[in-house]
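Open the model in your viewer and keep the selection panel to hand. Each stop says what to select and what is there.

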Amino acid sequence: MTTSKDEREREPVTEPPTEPRVGPDPRGKPGFRPYHHPAAGWGAAKSVTRFMAREGALPVDGPRAIMKMNHERTGFDCPGCAWPDDTKGLHLDICENGIKHVTWEMTGKRVGREFFAAHTVTELAGWTDHDLENQGRLTEPMVYDPDTDHYVPLPWKDAFELVGRALRELDDPNEASFYTSGRLGNEATFLYQLMARELGTNNLPDCSNMCHEASGRALQASLGTGKGTVDLKDWESADALFVFGVNAASNAPRMLTALAEAYQRGAQIVHVNPLVEAAATRTIIPHDFKDMATFHATRTSTLNLQPRIGGDMALLRGMAKAVLEQSATDPRALDREFIDRHTTGFEEYRARCEATPWEEIERQSGLSRADVLKAARVYGEADRSVVSWCLGLTQHEHGVDTVREIVNLLLLRGNLGREGAGPSPVRGHSNVQGNRTCGIDHRPTEAFLDRLAEVCGIDPPRAHGLDTVRTIQAMRAGEVKVFVAMGGNFALAAPDSPYTYAALANCELTVQVSTKLNRSHVVHGRAALILPCLGRTEKDHQRKGVQSTSVEDSMSMVHLSVGMKRPASEHLLSEPAIVAGMARAALPDSRTPWQWYVEDYDRIRDTMARALDGFEDFNRRVRLPLGFRIKQPARELVFLTPSGKAEFSAAPLPDVVPAPGVLVLGTMRSHDQWNTTIYSDDDRYRGITNLRTLVFMNRADMRERGIADMGRVDITSTAKDGSRRRLNGYTAVPYDIPRGCAAGYMPEMNVLCALGDYSTQSDQPIMKHLNVTVSPAETGG
């Protein structure tokens, strides 16, 4: 009997044992001291040097990696963020977090059979997440032995047969779900989705379901493309840059170069964020040796606005309202020719703006009318504007409406289809956009499936599959029995940690393809496999020689990545080889030439060139200097929408003002963190040392609640269904954040987000909009 969604969400969830720390054990007393230095610069250089020394990477591998990372054709792509590579031959196109990420991967530490023989899984479950990863690289396939509570080694052939048998014996292929992390290269991505669809399922959840799903759906609805339309040249020629909800200094540090160069040429740079982050102040770019030597910092902002959490849409509506009001006396305020020729829905949008009173815009945004008009003035005076955004806009109930409001604003002045203008989502992981392009989509289009069927000779399923949230629900209900994860740390990344843990434990088989030990290996199904793979930095030897893989960045550039060093173990396989091994075992009668593909990745690319729009002549074009850019029809003013035009939306403003006594909390990463990988308990740019279990609060909100600076507090969230979740003994840090708002770190705070608290627009967990109460800790302190 199938359990309804409401019943699954309301049934009691067994709490796991006390959650271990995520970060390392503190080195000293927690501290907070506001950071007033430039972003990057010597602070980054010192941090990188200390980190590389700690990891033993200074003598050879570290410097060599720095000189190979993000180099066109002969280098490897940074496995961190998806910011585009420099187009002008920069030899040090690197950043602090990228170097840390690569150093973490290149560690000399190893986790082999001896390690697993010495530690039960129950013991490992009590370790911190930092300590799990810090044990080093996985070296051979391991299978969980429930009799001894240990992982034990097994040959690759047996590992593949275990996966294949589990998939073959399912009553329905939809009882399996295939998750993708944003690191997976394009070639492995294509094979992975091909395997799932040949099996008969579109259950292809991915990390984008938790991050930028709202962006894709909004841009598709407004412009007929799920991606941004700009590239780095547009950033370099824009008169105004608007940066919404992005902590660039930590999450996309190479953006600092673009911001500094924009300021130097006289562009206006407006940062919109409840917190004034380091990237919104000034920077010293490490590869600018003169500035480093003279300690010369460059500003990276001309205006900072701090709306309440969730108030960005009201700000954007206010900017549009100001432009429309100006157009009554200044015909140049609007690009009427562009609007008339290329858009639809303008009059409805104009009416919506006129009907939205300034008092409501101020109330919902948390900004004064004067501040809104400052941003509108920058936009109105700029001939060419780029608007960028990240998770600060998407992880809300109204994330799709907010991104569509960005497009509305751009359309008013024709900021589309010309140099220096357009929408620019800032993607997180290095190939998350490429994953979606190459078929990781639980809602594939009929056109995509038709072409895949024609080229690959399969009959792909047509029903939509499960996304991340619904996969977790289905695992908990026993409807998904086999869960395969290509990379990532699903257990730690997903919301509602106790529920997610219980869902994974309810699977018959969990399979994790990984480079390092993590929480998802110790929170597992009744049967569990760890399949170790090559890292981005390592040479991939196949029958036809050393192979390269491709990735797609935030701005649709596709380029090759080639590893530079010997693999951490002779037993490691590449991700394409692992996918092919599972596919051959699960589909013994398949006509797909899985092993032939793995022998030479050019063969995979040749098939991709026929199956994927924009990948024509793939093998030649990807070897061009800098690779190639996938065509973006909307950039050429070709809109693949129902109307054939760019479509204004006219959504009402959401009510984001919290009830009395309630704070809206947004989760975020610290600086010394990459997704679920925690390097230390420090957050340099926010002035934090030796502390992760904290909540940033406005000092007035703290006084109102009787909370002392650095006082201990309990945090309780209330979900849409009225259920409550709690974190105890956190530290309250007074911070420059609007009243009624709070912030803290993921993944620790993921427990506060109920699985049912996802956007009805995007199906994303609303990790940036949790309703919480904060009170002095019951235990004191």
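In which helix do Glu213 and Arg217 both lie, and how many residues apart are they? Both lie in α10 (residues 213-223), four residues apart, about one turn of the helix. An α-helix has 3.6 residues a turn, so residues three or four places apart point the same way.

Before moving on, note the ground rules. This is a predicted model: local features need pLDDT of at least 70, side-chain atom pairs count only at pLDDT 80 or more, and totals for chains, interfaces and linings use all residues. Residues are numbered from 1 along each chain as its sequence is written, and side-chain values use heavy atoms, with hydrogens and water left out. Helices (H or I, at least four residues) and strands (E, at least two) are DSSP runs, numbered from the N terminus.

**Stop 1**

A salt bridge here is a side-chain nitrogen of Lys or Arg within 4 Å of a carboxyl oxygen of Asp or Glu. By this rule the count comes to 52 salt bridges. Both Glu213 and Arg217 are buried. Buried means under 20% relative accessible area, exposed over 50%, and partly exposed in between (1.4 Å probe, protein chains only).

Now extend the selection to Asp206, Arg436, Asp467, Arg470 and Asp763. Together with Glu213 and Arg217, these residues are linked in a network of salt bridges.

**Stop 2: the largest pocket**

Select Gln220, Gly226, Arg436, Asp441 and Thr445. Of the 33 residues that line the largest pocket, these are the closest to its centre. The pocket holds about 1100 Å³ of space. Elements giving two or more residues to its lining are α10, α22 (432-437) and α23 (446-456).

The search runs on a 1 Å grid over the protein atoms alone. A pocket is an open set of points with protein on both sides within 12 Å along at least five of seven lines; a cavity is a set where a 1.4 Å probe fits but cannot get out. Lining residues have an atom within 4 Å of a point. Grid points are joined across faces, edges and corners, and a volume is the space filled by probe spheres set on the points.

**Stop 3: a cavity**

The whole structure has eight cavities of 30 Å³ or more.

**Stop 4: helix α4**

Select residues 96-105, helix α4. Ten of the ten residues of α4 are buried, so the helix is largely enclosed by the rest of the structure. Start at Glu96, with a relative accessible area of 6%. Glu96 forms a salt bridge with Arg684, the closest N and O atoms being 2.8 Å apart. Arg684 is in the loop between β27 (677-678) and β28 (688-689), so the pair ties together parts that are 588 residues apart in sequence. Arg684 also counts as buried, at 18% relative accessibility.

**Stop 5: Lys516**

The backbone oxygen of Trp104 lies 2.9 Å from a polar atom of the Lys516 side chain. The backbone oxygen of Glu133 lies 3.3 Å from a polar atom of that side chain. Find Lys516 in the loop between β17 (509-514) and α27 (519-522). Does Lys516 count as buried or exposed? Lys516 is buried yet has no salt bridge; the nearest side chain of opposite charge, Glu133, is 5.1 Å away.

**Stop 6: backbone details**

Select Met746 and Pro747. A cis peptide bond joins them, with omega about 5°. Pro747 lies in the loop between β32 (741-745) and β33 (770-776).

Next, Asp496. Its phi is near 50°, a positive value in a residue other than glycine. Asp496 sits in the loop between α25 (490-493) and α26 (497-505), and is buried at 5% relative accessible area.

Finish at Ser556, in the loop between β21 and β22 (557-561). Phi of Ser556 is near 70°, also a positive value in a residue other than glycine. Ser556 counts as buried, at 1% relative accessibility.

How values were computed
Lys, Arg positive; Asp, Glu negative; His and termini not counted. Polar contact = N/O pair within 3.5 Å; in protein donor to acceptor, adjacent residues only side chain to side chain.
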